[in-house]
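Thanks for making time this morning. I would like to walk through one model, helix by helix. Please bring the structure up on the screen.

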Amino acid sequence: TLSQRFDDLSEIVDFLVQRACQKRGIPQLKVSSGFLEKIKNKSWPGNFVELDHWIIQQVHQTSGTELR
């Protein structure tokens with residue numbers, strides 16, 4: 001589960017954000033420390049697919065250059 005992978009969460013999130021940005025055809029968004037904290041504090045009963053879908057949603061809703 002995701003709760004067991006918090007040590008390498010930053011790398012996982014960076015990869016998923018990069019992939020979501022490429023699919024959308026936009027420049028790579030920066031990931032703020034607050035965004036990572038939001039992920040760590042969120043309940044993740046699911047797996048990476050759930051996180052991937054959530055990140056895609058966040059990328060689509062962001063109009064700036066950073067996910068917060």
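Which residues does D52 touch, not counting residues up to four places away in sequence? The two are L16 and R19. Keep in mind that this is a predicted model.

D52 sits in helix α3, and with a relative accessible area of 12% it is buried. The cut-off for buried is under 20%, so D52 qualifies at 12%.

Let me stay with α3. The helix runs over residues 48-61, which is 14 residues. From first C-alpha to last it reaches 20 Å, close to the 20 Å expected at 1.5 Å a residue. Besides D52, the buried residues of α3 include L51, W54, I55, Q58 and V59. Looking down the axis of α3, the buried residues fall within an arc of 165°, so they line one face of the helix. On the face turned away from that buried side, you will find the exposed residues H53 and Q61. As for what covers the buried residues of α3, the cover includes α1 (9-24), α2 (33-41) and β2 (66-67).

Next, α1. Its 16 residues should span 22 Å at 1.5 Å a residue, and the end C-alpha atoms are 22 Å apart, which agrees. The buried residues here are L9, I12, V13, L16, V17, A20 and C21. Down the axis of α1 they fall within an arc of 160°, so these too line one face of their helix. E11 and Q22 are exposed, on the face of α1 turned away from the buried side. The buried residues of α1 pack against β1 (30-31), α2, α3 and β2. After α1 comes G25, which has a positive phi, near 75°.

Now the packing of α1 and α3. How far apart are their axes, and at what angle do they pack? The axes are 9 Å apart and the angle is about 55°. The two helices are therefore oblique to each other, and their crossing is right-handed. On the α1 side, the contact is made by L9, I12, V13, L16, V17, R19, A20, C21 and R24. On the α3 side, the residues are F48, L51, D52, I55, I56, V59 and H60. So much for the setting of D52, which touches L16 and R19.

The other pair is α2 and α3. Is this crossing left-handed or right-handed? Their axes come within 13 Å and cross at roughly 140°, which makes α2 oblique to α3. The crossing of α2 and α3 is right-handed. The contact is made by F35, K38 and I39 from α2, together with L51, W54 and Q58 from α3.

The cut-off for exposed is over 50%. Between N41 and H60 there are 21 Å in space, C-alpha to C-alpha, and the two are 19 residues apart in sequence.

Terms used:
Residues are numbered from 1 along each chain as its sequence is written. This is a predicted model: local features need pLDDT of at least 70, side-chain atom pairs count only at pLDDT 80 or more; totals for chains, interfaces and linings use all residues. Side-chain values use heavy atoms; hydrogens and water are left out. Helices (H or I, at least four residues) and strands (E, at least two) are DSSP runs, numbered from the N terminus. The expected span of a helix is 1.5 Å times one less than its number of residues. Buried means under 20% relative accessible area, exposed over 50%, partly exposed in between (1.4 Å probe, protein chains only). The arc is that of the directions from the helix axis to the C-beta atoms. Contact means heavy atoms within 4.5 Å. Axes are lines fitted to C-alpha atoms, for helices over the stretch in contact, and angles run from 0 to 180 degrees between N-to-C directions. Angles under 35 degrees count as roughly parallel, over 145 as roughly antiparallel, 65 to 115 as roughly perpendicular and the rest as oblique. A crossing is left-handed if the near helix is turned anticlockwise from the far one by less than a right angle, and right-handed if clockwise.
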